[in-house]
Number of protein chains: 2
Amino acid sequence: MSGAPVGLTEVAALVDRRLCALFDEQRAIWRPNDARLVEAIDELERIANGGKRLRAAFAFWGWYGAGQMDGAPVADVASDRILDVCAAFELLQAFALIHDDVMDDADTRRNERTIHAAQAELVRSRGWRGEPRRYGEGVAILIGDLSHVYADQLIGNDSDQARRIWDQLRIELNLGQYLDMRTAAASELDRVTAQRVATFKSALYTIVRPLQLGACLGGVQSDDVMARLEEYGRPAGQAFQLRDDLLGVFGDADTVGKPVGNDLREGKPTELVAAALERADSAQHRVLGRIGEPNLSDDEVHGILAVLHETGAVVDVERRIDALVVRATQAAFELPFPLSVQETLAALARYVAARQH
Amino acid sequence: MSGAPVGLTEVAALVDRRLCALFDEQRAIWRPNDARLVEAIDELERIANGGKRLRAAFAFWGWYGAGQMDGAPVADVASDRILDVCAAFELLQAFALIHDDVMDDADTRRNERTIHAAQAELVRSRGWRGEPRRYGEGVAILIGDLSHVYADQLIGNDSDQARRIWDQLRIELNLGQYLDMRTAAASELDRVTAQRVATFKSALYTIVRPLQLGACLGGVQSDDVMARLEEYGRPAGQAFQLRDDLLGVFGDADTVGKPVGNDLREGKPTELVAAALERADSAQHRVLGRIGEPNLSDDEVHGILAVLHETGAVVDVERRIDALVVRATQAAFELPFPLSVQETLAALARYVAARQH
């Protein structure tokens, strides 16, 4: 099931429009100051376009469910306030991706040149001074920071609880990324670490916190409901991360947008690799021991892929995904939300666990 | 006058204590999750320590003046709320410096190893995998981002006007940095550009916005007072930037913490260089034309320094600084604040315009 559910696409259309308005407004503000500033906003827009808008969708449905709306068309009921918050999540995601691409030295993102790659190219093509890589990375860092500020501005100021959730998720995101990089560099590829990184980066940042923040703006105050949202979001987020782990290793450049074996070269701590390491015999251990070498040959990558299959790690992860989706679905139907919203959330859990890109 | 005025040192002591408490609290929260996360907080603390706390001081005196406090000891009257905001400015500054050091590839900052340099060294000394530069820069980006979030969290949520100022200054900071990098790379070293960058990065970010935000929390709502604060802060900030330009070119590594000629190698757009370019004859133009070459020889640097003197640009900038301090001082004494606060602000303007490091 690679088609995105309407619960996602309908929200995405509204969020895209909101983002477009924001960029236009910012260009109008800054152009009179200095026309060169507009280039920075254009670059941000280029990367912010075309996201799946997952985090926005979870924020939206948290809000919609909390408001006990039941079947009312998305475009009719969506308030400016919730769309601002949905757009904020997507700008925060753009910030994270832009900085991530610098850290990973990725050349493309969603079939667009990444900012640091495009800006480095600009230095070369225009014959500007200085080191192209340094300029490209510097500009990407700044444009990421700018996106972070825009995101923050859209979150607004009218709910202390919403701000607390927002602050919390941003700290979780940054510390989760740090743990990811740190343990990849040190080759600390155990399962506990992998699960911890997945919890920060996928379960909390992508699903639980957007849902809770949306629900909070929809009027939910009870800790019990917040906890139930977490019971849905944690397994859904873990399934999302496990699918991402499989795609990052097996997916090919055409559908996933990154080359096969990419995550193996980066040595990301994933449950997939942890599961293989736990089951590997000594010969298989030697093969897996090459994970994290930036210049793994294609043959070595294929050797590692074979071991991931032979040890049963792939089957193990697929089974875990299925079980997590069942848990998320059950939790969705226990939420104090109308049935149509429960169904939407169940569909979103299935989607994130199964998506092909 | 290199000694910092008490208006600065007294605030700095309180802000340092507040930051220390924040880092301790964050370590206590995150250590149980994963002891490795504490390393990120330790690194942030290492760089956040030892700042001059200029922005905090301006926020503080804006608040103190707005509250019509007159001579009451700083440590007695400082509320938790205003100290949070002062600390927020210093964490935002740490964020900007950490990202700046990545962009400039600076090895040291306030006699400490910069984060990206220290973290790259860690990869080498521990024999971790991957490219040391990439890891160091990645970790520095993340720790800078974390500092940004902590800053934002401390700004709080209780004043819409304060949030608007905060959002505004962060956008100004990022766009100002972008313009700085962009015009340096493209060698667009004219005076208008130099003044524009100085306005964003020094006048607004360092002085005007902290003062206004502090005043806003101290109860000022009138646009007239906000405008008067700007009349003080703009010239004071320009003088600060001009001094910084002189130090960045002539200052030596011992007192300024960066090598002579550093800013010339980076090709920063400064009024100093713009003034020299405006007055240079064709031979001098050729010498100045080398500005922005990363591998300028020491001889070339000294040739450029000579031209900066010979054209009268240095004297011109010193005179501009004097005139700006006079304007800032006059504006300070026109603020609707008690005399003791006017005097403190006048002393701060003299200090930022004259500081030796």
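This is a predicted model: local features need pLDDT of at least 70, side-chain atom pairs count only at pLDDT 80 or more; totals for chains, interfaces and linings use all residues.

User: What makes α2(A) roughly perpendicular to α5(A)?

Analyst: Helix α2 (residues 35-48) of chain A and helix α5 (residues 80-104) of chain A pack at an angle of about 100 degrees, their axes being 10 Å apart. Angles of 65 to 115 degrees count as roughly perpendicular, so α2(A) is roughly perpendicular to α5(A).

User: Which residues make that contact?

Analyst: From α2(A) come L44(A), I47(A) and A48(A), and from α5(A) come E90(A), L91(A), A94(A), L97(A) and I98(A). By class, seven are nonpolar, none polar and one charged.

User: Why are the buried residues of α2(B) said to be on the same side?

Analyst: The buried residues of α2(B) are L37(B), A40(B), I41(B), E43(B), L44(B), I47(B) and A48(B). They cover an arc of only 155 degrees around the axis, which means they lie on the same side of α2(B).

User: How do you know that the span of α2(B) is close to the expected one?

Analyst: α2(B) has 14 residues and reaches 21 Å from first C-alpha to last, against 20 Å expected at 1.5 Å a residue.

User: How many residues of chain B are in contact with chain A, and which helix gives the most?

Analyst: In chain B, 47 residues are in contact with 47 residues of chain A. α8(B) gives the most to that side of chain B, with 13 residues.

Key. Residues are numbered from 1 along each chain as its sequence is written. Chains are lettered from A and ligands numbered from 1 in the order in which they are written. Two residues are in contact if their C-beta atoms, placed from the backbone, lie within 7 Å. Helices (H or I, at least four residues) and strands (E, at least two) are DSSP runs, numbered from the N terminus. The expected span of a helix is 1.5 Å times one less than its number of residues. A residue is buried if 20 or more other C-beta atoms lie within 10 Å of its own, exposed if 12 or fewer, and partly exposed in between; C-beta atoms are placed from the backbone. The arc is that of the directions from the helix axis to the C-beta atoms. Axes are lines fitted to C-alpha atoms, for helices over the stretch in contact, and angles run from 0 to 180 degrees between N-to-C directions. Angles under 35 degrees count as roughly parallel, over 145 as roughly antiparallel, 65 to 115 as roughly perpendicular and the rest as oblique. Ala, Val, Leu, Ile, Met, Phe, Trp, Tyr, Cys and Pro count as nonpolar, Asp, Glu, Lys and Arg as charged, and the others, Gly among them, as polar.
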